[in-house]
Amino acid sequence: MNAPIDSRDVHPSAIVDDGAVLGPGTRVWHFAHICGGARIGAGCSLGQNVFVGNDVVIGDRVKIQNNVSVYDAVTLEAEVFCGPSMVFTNVYNPRSGIVRKDQYRRTLVRRGASIGANATIVCGVTIGAYAFIGAGAVVKHDVPDFALMAGVPARQVGWISRFGERLPLPTAGNGEAVCPHTGESYVLVDGVCSLVSAPSRL
């Protein structure tokens, strides 16, 4: 049985359809609409005019800023940030006169990733853990963990730490770097960036 939704955390102008699951401490702001099949974790913030579809899973401590629609077939893992007015899609070749609900392409945003304001995520991609998508970027392909992406179409311009500091690493090849804020160590091996030590808590 689903736990009751605390009405103190849902603005009176918001609509939360029967069946939706909201974890404890999740707040829903003005004029948002949460469909009945949505599964949303604890400690999330859903801003003004946010829409969440039926076939959507959202992890704990996710922040979705104003005017974002999280359509069916999108999964956001824990601690994802969605900037104001960024866009998800779920059909690659939409036509108003042709129903393609059986052709949704799933989109996965891994833990800790950030998507900047007005960015567009074309359906069917995976955005890696702690990746950072710059404002206004258009993502059409999978994004590696810790990658820093910018432009239209988006291209990788660097690497970024869990804390959000740019790492002095080449976009390809090999190297080592330390986050200047946390002291965490990262290693780049054949173009794959990994966290190798985490001496401090974020």
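## Ser 114

Ser 114 is buried, its relative accessible area being 18%; here buried means under 20% relative accessible area, exposed over 50% and partly exposed in between, with a 1.4 Å probe and protein chains only. This is a predicted model, in which local features need pLDDT of at least 70 and side-chain atom pairs count only at pLDDT 80 or more, while totals for chains, interfaces and linings use all residues. Residues are numbered from 1 along each chain as its sequence is written, and side-chain values use heavy atoms, with hydrogens and water left out.

Ser 114 belongs to strand S15, residues 114–115. Strands (E, at least two residues) and helices (H or I, at least four) are DSSP runs numbered from the N terminus. When residues up to four places away in sequence are not counted, Ser 114 touches Phe 81, Ala 131, Phe 132 and Ile 133, contact meaning heavy atoms within 4.5 Å.

## Overall fold

The chain has 25 strands and zero helices. Its radius of gyration is 18 Å, close to the 17 Å given by the globule rule for 202 residues, so the chain is as compact as a globular protein of that length. The radius is taken over C-alpha atoms, and the rule is 2.2 Å times the number of residues to the power 0.38.

The C-alpha trace spans about 50 × 45 × 25 Å along its principal axes. Of the 202 residues, 40% count as buried. Among contacts with a separation of 6 or more, 16% are accounted for by residues 24 or more positions apart.

## Nonpolar core

The largest nonpolar core holds 50 residues, of which Ile 64, Leu 76 and Phe 88 touch the most other members. Such a core is a set of buried Ala, Val, Leu, Ile, Met, Phe, Trp, Tyr and Cys residues joined through side-chain atoms within 4.5 Å. At least two residues of this core come from each of strands S8 (56–58), S11 (74–76), S20 (147–150) and S24 (185–189).

Beyond its neighbours within four places in sequence, Leu 76 is in contact with residues including Val 57, Ile 58, Val 62, Ile 64, Phe 88 and Val 109.

## Gly 136

Gly 136 lies in the loop between strand S18 (132–133) and strand S19 (138–139). With 30% relative accessibility, Gly 136 counts as partly exposed. Leaving out residues up to four places away in sequence, Gly 136 touches Ala 117, Asn 118, Ala 119 and Val 152. Gly 136 and Asp 55 are 81 residues apart along the chain, and their C-alpha atoms are separated by 26 Å.
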